[in-house]
Amino acid sequence: MAIKHNQTIPNNHFRKHWQRRVRCHFDQPGKKVTRRLARRAKAAALAPRPVDKLRPIVRCPTIKYNRRTRLGRGFTLAELKAAGIPKHYARTIGIAVDPRRQNLSEESLAINVERLKQYKARLIVFPRKSNKPKKADTPKDQQTAETTQHIRDVFGVEQPLAPGFTEIPKSELPSGVEGGAYKALRKARSDARLVGVREKRAREKAEADAAKK
């Protein structure tokens, strides 16, 4: 079709300066190496301290996910008090503290208090001055215990099974539905929907047969 009159170009945003606006992440492999080296340098600077902190076990929000557990932001003041750890001292020995969080059940309080006690039993506190150890510091004969770089490796989260559920091996799984589950569900739904119609049809047929006799 021939062009006639002054055909204006529609404003479809095809005239942006793409050299200035578009960014290509060609440095992604190099950044990956940089982050790994930074983590290694941080671990070496903090050694023998772990690079992460001890965090509580909490439930995921909403009814859909509350059967799962995960690591929370920090321990509550009630949990620290029950474990016998001052809140200001807790932050200095690698324990995360969240004063805003509240305990809504005795079970969560007991789980996190036991977690704090296990951590406290394994904790090694080196004195700032070797010739002047303090009361809270670990004795010198106990400072050679095994250390870890990540607290999460030792105090991780194990997903408990929901009540009423058990695990079975794959070999004991039940066989599939003959014809497929979709076909079986459609048939069951159809039978439930047509039960009244079929009863009426059977009743009318029986009455017709009785009238013929």
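The following paragraphs lead through one protein chain, from its overall form to single residues.

The model is predicted: local features need pLDDT of at least 70, side-chain atom pairs count only at pLDDT 80 or more, and totals for chains, interfaces and linings use all residues. Residues are numbered from 1 along each chain as its sequence is written, and side-chain values use heavy atoms, with hydrogens and water left out.

The chain contains nine helices and two strands. Here helices (H or I, at least four residues) and strands (E, at least two) are DSSP runs, numbered from the N terminus. Read along the sequence, their pattern is α-α-β-α-β-α-α-α-α-α-α.

The C-alpha trace spans about 115 × 80 × 40 Å along its principal axes. The radius of gyration of the chain is 34 Å, whereas a compact globule of 213 residues would have a value near 17 Å. This radius is taken over C-alpha atoms, and the globule rule is 2.2 Å times the number of residues to the power 0.38.

Of the 213 residues, 18% are buried. Buried means under 20% relative accessible area, exposed over 50%, and partly exposed in between (1.4 Å probe, protein chains only). The accessible surface of the chain comes to about 18,800 Å², and carbon and sulfur atoms account for 55% of that. These areas come from the Shrake-Rupley method with a 1.4 Å probe; for residues, only the protein chains shown count as cover.

Next comes the interior. A nonpolar core is a set of buried Ala, Val, Leu, Ile, Met, Phe, Trp, Tyr and Cys residues joined through side-chain atoms within 4.5 Å. The largest one has 16 residues, and Leu54, Leu80, Ile85, Ile95 and Leu116 touch the most other members. Helix 4 (77-83) and helix 6 (106-122) each supply at least two residues of this core. Helix 6 gives the largest share, four residues.

What does Leu54 touch, not counting residues up to four places away in sequence? Its partners are Phe75, Gly94, Ile95, Ala96, Arg115, Leu116, Tyr119, Ile151 and Phe155. Contact means heavy atoms within 4.5 Å.

Two of these partners of Leu54, Tyr119 and Phe155, are both buried. A search of the whole structure finds one aromatic pair. Tyr119 and Phe155 form this pair, which is edge-to-face, with 5.9 Å from centre to centre and 70° between the planes. Tyr119 lies in helix 6 and Phe155 in the loop between helix 7 (151-154) and helix 8 (181-193), so the pair links distant parts of the chain, 36 residues apart. Rings of Phe, Tyr and Trp (its six-membered ring) pair if their centres lie within 6.5 Å; planes under 30 degrees apart count as stacked, over 60 as edge-to-face and the rest as tilted.

Helix 6 also holds Asn112. Is Asn112 buried or exposed? Asn112 counts as buried because its relative accessibility is 0%. Its side chain makes a polar contact of 2.9 Å with the side chain of Glu79. A polar contact is a pair of N or O atoms within 3.5 Å; within protein, one must be able to donate a hydrogen and the other to accept it, and residues adjacent in sequence count only if both atoms are side-chain atoms. Leaving aside neighbours within four places in sequence, Asn112 is in contact with Pro56, Ile57, Phe75, Glu79 and Arg101.

Two backbone details remain. A cis peptide bond, with omega about 0°, joins Ala47 and Pro48. Pro48 is in the loop between helix 2 (28-46) and strand 1 (57-59). Thr62, a residue other than glycine, has a positive phi near 70°. Thr62 belongs to helix 3 (residues 62-65) and is exposed, with a relative accessible area of 54%.
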